[in-house]
Amino acid sequence: MDKLIINGKTKLKGEVTISGAKNAAVAIIPATLLINGFCIIDNLPNISDVRISCKILEKLGAKIDWIGSNTIKVDTTNVCITKSPIAMASKFRASYYLIGSLLGRCKHAEVGLPGGCNLGARPIDQHIKGFEALGAKVTVANGNIIADADKLVGSSIYLDMASVGATINVMIASVLAEGTTIIDNAAKEPHIVDVANFLNTMGADIRGAGTDVIKVNGVKELKGGKTYSVVPDQIEAGTFMLAAVASKGDVLIKNCITKHLECLKAKIIEIGANVEEDGDNIHVWCNTRTKRTNVKTLPYPGFPTDLQPQLGVTLSISEGTSVINESIWESRFQYTEELNKMGAKITAQGKSAFFEGVESLSGAPVYATDLRAGAALIIAGIIAEGTTELYNLEHIDRGYENIEEKFRKLGADIKRVSE
Ligand code: EPU
């Protein structure tokens, strides 16, 4: 078992370059199944969720060549298997995109129930509602989701909630359907726009991604043959912004889309730190003890749930008592128990957590309870007095590329050891 050993009390200083977005990449890779030919995907984050997605596609018959550490050439011409290996699919959440992609390509999909972080109940009823509206019959048997259709026909789908996964999955499934599909109450996250841009580059006709109504005009085929570069990861960028604030550091975050980070920028300024944008770069620095605030997580453009634990670390040492209300996931405060082991004073009750700011944290053995909790605990280790040992690194490796290397370049004393 690997662990991270972090010697703390470091003010992060320097520059960090942001990788491609995990949540766009894990949808774009299965979406290549719609292409009749090859495509090249660039700026892919080299993380375990991406590597597993590629392995699953290879099992289905795709040919994947890594032509650089962040670039793949995918040829899906010979894909003929519609049943994904159950054990691989259950390793990560985004395996649900295989259902929309295989259904769109072959009109048949058999995919293991998705796994991933334990954030509470994670139903996929809205995905299924969308597939059924397009004409598919969907059943669940022996740990598999099975979707079948004679043909897919465009339809109007109103999502009960603005689900990121359902929006992308129904969009993917409808690209090759007959006629027009309208997805109403669609989610608007940047990675939805990125998946739509990828599909359009390959020959799809999708309009309105990034608004709450997406219109997909079905096309006969996607020819591919093009290169697409994945959008920068706004959650990784936000993680480093909050690490700069919490450590009272001074960090230039390069290769990000500043528009995607407006909500976080406003929060950081509100609690007393500084943010300056310059093209694709964001400069974040902090010279004083940050102040309390209240936050509610919301779908984009609201405050992202995927940055909630990282903000939680900052608020645990801010002056006064802050409140975070988590409105997306029911179990996203597990990290607060780990932070309390480091001297934080946090009380989590249902959807809310109360952060009574302490002067400082102290190192302790802690466990990453999920991906973003893991990132938050790295930040906590960097700012704490003494040594932190962080376990369950597989969560972190699913979503952050070279995270300890990136923090080391900013001055953190952090190393990975195998036990
Ligand atoms: N929901 C349903 N039914 C559905 C789909 C969703 O009730 O059919 C509910 C969920 O239970 C949740 C809410 O709707 O309460 C939003 O879920 P959504 O579908 O938007 O989430 P997701 O697609 O499963 C993606 C990201 C998550 C991120 C959320 C919210 C991927 C692979 N995952 O999950 O990312 O937290 O959107 O922004 O894109 C992470 O990266 O750490 C992560 C967990």
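Analyst: Before we start: helices (H or I, at least four residues) and strands (E, at least two) are DSSP runs, numbered from the N terminus. This is a predicted model, where local features need pLDDT of at least 70 and side-chain atom pairs count only at pLDDT 80 or more, while totals for chains, interfaces and linings use all residues. Residues are numbered from 1 along each chain as its sequence is written, and side-chain values use heavy atoms, with hydrogens and water left out.

User: Which element gives the largest share of the shell around the ligand?

Analyst: The elements giving two or more residues to that shell include α1 (22-31) and α12 (371-383). The largest share is 3 residues, and those come from α5.

User: Which residues come nearest to the ligand?

Analyst: A residue is near a molecule if one of its heavy atoms lies within 4 Å of it. There are 23 residues around the ligand, and the ones that come nearest are Y96, S163, D306, I328 and R372.

User: How far is a polar side-chain atom of R372 from an oxygen atom of the ligand?

Analyst: We're looking for a polar contact here, meaning a pair of N or O atoms within 3.5 Å. R332 has an N or O side-chain atom 3.3 Å from a ligand oxygen. For R372, the polar side-chain atom lies at 2.7 Å.

User: How many salt bridges does the structure hold?

Analyst: Side chains of opposite charge can pair when their charged atoms come close. A salt bridge is a side-chain nitrogen of Lys or Arg within 4 Å of a carboxyl oxygen of Asp or Glu. One of them joins E221 and K223, at 2.8 Å from N to O. The count for the structure is 19.

User: How many residues apart in sequence are the parts that K3 and E389 tie together?

Analyst: K3 and E389 form a salt bridge, with their closest N and O atoms 3.3 Å apart. K3 sits in strand β1 (residues 2-7) and E389 in strand β22 (residues 387-391), so the pair links parts whose separation in sequence, in residues, is 386.

User: Is D49 buried or exposed?

Analyst: D49 belongs to helix α2 (residues 48-59) and R398 to the loop between α13 (393-397) and α14 (403-409), so their pairing ties together parts 349 residues apart in sequence. Buried means under 20% relative accessible area, exposed over 50%, and partly exposed in between (1.4 Å probe, protein chains only). With 2% relative accessibility, D49 is buried.

Terms used
A polar contact is a pair of N or O atoms within 3.5 Å; within protein, one must be able to donate a hydrogen and the other to accept it, and residues adjacent in sequence count only if both atoms are side-chain atoms.
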